[in-house]
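Open the structure in your viewer and have the selection tool ready. The stops below can be followed in order.

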Amino acid sequence: MKIINLGSKKLASFYVACELYKEMSCQPTSKLGLATGGTMTEVYKYLVELLEKNQLDVSHVETFNLDEYVGLKAEHPQSYHYYMNEVLFDQYPNFNKENIHIPNGYSSQLEDEAERYNQLLNDRGPVDIQILGIGENGHIGFNEPGTDLHSETHIVDLTESTIRANSRYFESESDVPQQAVSMGLASILKAKRIILLAFGEKKKEAIHQLMNNQVTKDIPSTILHAHPNVEVYVDDEAAPPHIDKV
Ligand code: PGA
């Protein structure tokens, strides 16, 4: 696992946007594993700029989102469907809708939906690049501490810590859904290349825990030590003390 401090969120986001762009441009049928959350907003901003400037044909690119809240319709402003449309798919409307995959957290048959999404990932995957944020508690996707290291797409009960952290996007903590559909840890590990981003003082401890522990289900991000091709990009605030800036 490589950890690189690019100094600022802006530079790291631009770098990762370039990597995603390069992947799509070199391989028109590439498969991208996408993530949501505050960490990713600038990545998509720069990616849209690159796509627009070069009018890249993305009609054969396929995307797979990590997770979605349970109980929110796609039109709900805090759903990850809505987020993805806002930051990427409405901004650059040349993606083929049939190639955009996000779990349906509003399904009345949630277990079946998790199974369907998992099958889709197995049939269409593996993804070429999976981008990831990290929770303050070390979660990746919505795989909370204690998640089975062999888990595939599943229904997750969100922890207090995640509900509190994500309440900043909702009117109140009680509006935050209590569950999500999430790719599991084993599903994430199937990606050929994984890029994790972490910005700000609040993520410093999670990065410290990731870098200083072997694989343990108490810290879900540590599963990434079992993958041969992981890069972690941080800013000054999230960087561990011994990491030099590049
Ligand atoms: P954030 O979420 O980017 O909104 O901080 C990241 C995560 O919880 O994985």
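**Starting in a helix**

Select Tyr80 and Tyr83 in helix H3 (residues 80-89): they are 3 residues apart, so about one helical turn separates them. Keep in mind that this is a predicted model.

Show the side chains of both residues. Tyr80 is buried, with a relative accessible area of 9%, and Tyr83 is buried too, at 15%. The ring centres of Tyr80 and Tyr83 are 6.5 Å apart with the planes at 75°, so the pair is edge-to-face.

**Along the rings**

Which parts does the pair of Tyr69 and Phe142 tie together? Tyr69 belongs to strand E4 (residues 67-69), while Phe142 sits in the loop between strand E6 (129-132) and strand E7 (154-157), so the pair connects parts that are 73 residues apart in sequence. Tyr69 is buried, with a relative accessible area of 1%, and Phe142 is buried with 2%.

**The sheet**

Switch to a cartoon view and look for the open sheet of 7 strands, whose order is E1-E10-E9-E6-E2-E3-E5, with parallel pairing. At the edges are E1 and strand E5 (100-101), each with a single partner strand, so one side of each has no neighbour in the sheet.

Now zoom in on strand E2 (residues 31-34), which runs parallel to E6 and is joined to E6 by 2 bridges. Select Gly33 and look across to Gln130 in E6, which stands opposite.

Then bring helix H4 (residues 110-124) into view. H4 packs on the sheet and touches E2, strand E3 (62-65) and E5. The direction of H4 makes about 145° with that of E3.

**Last stop: helix H7**

Select helix H7 (residues 204-211). Which of its residues are buried? They are Ala206, Ile207 and Leu210. These residues cover an arc of only 100° around the axis, which puts them on the same side of H7.

To see what that side meets, show strand E1 (2-7), strand E9 (193-198) and strand E10 (230-235): the buried residues of H7 pack against these strands. E1, E10 and E9 also follow one another in the order of the sheet.

Conventions. Residues are numbered from 1 along each chain as its sequence is written. This is a predicted model: local features need pLDDT of at least 70, side-chain atom pairs count only at pLDDT 80 or more; totals for chains, interfaces and linings use all residues. Side-chain values use heavy atoms; hydrogens and water are left out. Helices (H or I, at least four residues) and strands (E, at least two) are DSSP runs, numbered from the N terminus. Buried means under 20% relative accessible area, exposed over 50%, partly exposed in between (1.4 Å probe, protein chains only). Rings of Phe, Tyr and Trp (its six-membered ring) pair if their centres lie within 6.5 Å; planes under 30 degrees apart count as stacked, over 60 as edge-to-face and the rest as tilted. The arc is that of the directions from the helix axis to the C-beta atoms. Contact means heavy atoms within 4.5 Å. Two strands pair if DSSP finds at least two bridges between them. Axes are lines fitted to C-alpha atoms, for helices over the stretch in contact, and angles run from 0 to 180 degrees between N-to-C directions.
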